[in-house]
Amino acid sequence: MIHLKNIVKTYADDIHALRGINLHIAPGSIYGIIGLSGAGKSTLIRCINMLERPTSGEVLVGGRDLMQMSEAELREERRHIGMIFQHFNLLSSATVYDNVAFPLRLAGKSADEIRPKVTELLALVGLADKADAYPSHLSGGQKQRVGIARALAGDPQVLLCDEATSALDPQTTKSILALIRDINRRLGLTVVVITHEMQVIKDICDRVAVLDGGVIAEEGDVVDVFTAPRAPITQEFISVLLSNDLPSAFRGNPIEQSPSAGSYMLLRLTFLGERADDPVLAEMIRRFPRVEVTMLFGTLDQIKEQPFGRMIIGMRGAPADIDAAIAYLSEQHLKQEVIGYVRRNDAPAL
Ligand code: ADP
């Protein structure tokens, strides 16, 4: 649906905001772009509807090359690319109804065409009873619902979300993300989300690109990127989310690459799908009673609708017993990774 080919954007004063971005966003998917502040996210999303003209490269939306279009053609094209914003960008002096009707009036639609469309859109976003309210009387979540209804007024094929939940509290964020996913499914809309929050990516995106200094550091299926992040910047985003800090009994001790007397092997386990509920670990402890296992960190979460668990355990015992226990985990198709070896503060060495 969206093809970006070698997009470069250089601002005056030699600011290289984008340094050659290649992306392919499949029709009907939800695509996330994550990065720290200044990474180039806003510039990139604004290149998709040409609010920002790339210095060079190709922007193909639905097979049409936006770089070759005149301003008039672009205005027409943008009617089919909806956009929502962090601060909603509503007209404060207009009612909810008039905010949603605004793009339809601009497109020259008659009042008789506009009425059923606005009514349908307000019902879709759960604001049927707020048509006559003014934005100042709405909560943040309700304002973003108006923004979404307005963005959908032109029956777009693409919805661009520019930090759309960054000004909202976590509960409202969840409800807006659920609405975006619902719209994506019901209308078959292609959605592009930019955010600095991994939680947003995890909740609704199918694929993700990690932007760093105007280049894509990593790109892939969300489940793959979450379970096996490759780029250091991605690992950082994920570790913030999972807060993989060791408990205080281990904190402050260096994590070493090889075992020493009395140290624990730190093992990171990832459970995915139905395995997340499996009592694999309990079974391992039962089968290998000579291996001492201590749970250091655990979280059960969801990536989209798949259960996803992460756990860090410490193990110590005779090397042969530990090898056998790890072999057992491998047989159970548990993804595992040895982080290193660490000693406990409060326990004497064996
Ligand atoms: P993000 O959305 O990830 O925070 P931006 O796309 O806003 O990143 O910015 C990327 C880089 O481009 C930054 O260094 C920023 O200062 C610069 N930049 C963005 N917009 C402009 C502009 N209109 N003029 C000059 N520099 C800009």
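User: How are the axes and angles of packed helices defined here?
Analyst: This is a predicted model. For helices, axes are lines fitted to C-alpha atoms over the stretch in contact. Angles are taken between N-to-C directions and run from 0 to 180 degrees.

User: At what angle do α10 and α11 pack, and how far apart are their axes?
Analyst: Helix α10 covers residues 280-287, and helix α11 covers residues 319-331. Their packing angle is about 150 degrees. The axes are 10 Å apart.

User: Are α10 and α11 roughly parallel or roughly antiparallel?
Analyst: The angle is about 150 degrees. Angles over 145 degrees count as roughly antiparallel. The crossing of the pair is right-handed. The relation of α10 to α11 is therefore roughly antiparallel.

User: Which residues of α11 does α10 meet, and how many nonpolar residues does the contact have?
Analyst: From α10 come Val280, Glu283, Met284 and Arg287. They meet Ala325, Tyr328 and Leu329 in α11. By class, this contact has two charged residues, no polar ones, and five nonpolar.

User: How many residues of α5 are buried?
Analyst: Buried means under 20% relative accessible area. Among the residues of α5 that qualify are Gln144, Arg145, Ile148 and Arg150. The helix is largely enclosed by the rest of the structure, because the buried count is 10 of the 13 residues.

User: Which elements do the buried residues of α5 pack against?
Analyst: Two strands are involved, β6 (81-85) and β7 (158-162). The helices are α3 (96-106), α4 (111-124) and α6 (170-187).

User: Is Gly140 buried or partly exposed, and which residues does Gly140 touch?
Analyst: Gly140 lies in α5. Its relative accessibility is 25%, so Gly140 counts as partly exposed. The C-alpha atom of Phe88 is 8.5 Å away, though Phe88 is 52 residues off along the chain. Leaving out residues up to four places away in sequence, Gly140 touches Phe88 and Leu168.

User: How far apart in space are Ser175 and Thr165?
Analyst: Ser175 sits in helix α6. Ser175 is partly exposed, at 28% relative accessible area. Thr165 is 10 residues away in sequence, and the C-alpha to C-alpha distance is 9.8 Å.

User: Where is Met50, and is Met50 buried or exposed?
Analyst: Met50 is not a glycine, yet has a positive phi of about 60 degrees. The residue is in the loop between α1 (41-48) and β4 (56-61). With 5% relative accessibility, Met50 counts as buried.

User: What is the relative accessible area of Asn89?
Analyst: Asn89 also is not a glycine and has a positive phi, about 55 degrees. It occupies the loop between β6 and α3. Asn89 is partly exposed, with a relative accessible area of 43%.

User: Among contacts between residues at least 6 apart in sequence, what share joins residues at least 24 apart?
Analyst: The protein chain has 11 helices and 14 strands. Of its 350 residues, 49% are buried. For contacts between residues at least 6 apart in sequence, the share joining residues at least 24 apart is 71%.

Definitions and conventions
Residues are numbered from 1 along each chain as its sequence is written. This is a predicted model: local features need pLDDT of at least 70, side-chain atom pairs count only at pLDDT 80 or more; totals for chains, interfaces and linings use all residues. Side-chain values use heavy atoms; hydrogens and water are left out. Helices (H or I, at least four residues) and strands (E, at least two) are DSSP runs, numbered from the N terminus. Angles under 35 degrees count as roughly parallel, over 145 as roughly antiparallel, 65 to 115 as roughly perpendicular and the rest as oblique. A crossing is left-handed if the near helix is turned anticlockwise from the far one by less than a right angle, and right-handed if clockwise. Contact means heavy atoms within 4.5 Å. Ala, Val, Leu, Ile, Met, Phe, Trp, Tyr, Cys and Pro count as nonpolar, Asp, Glu, Lys and Arg as charged, and the others, Gly among them, as polar. Buried means under 20% relative accessible area, exposed over 50%, partly exposed in between (1.4 Å probe, protein chains only).
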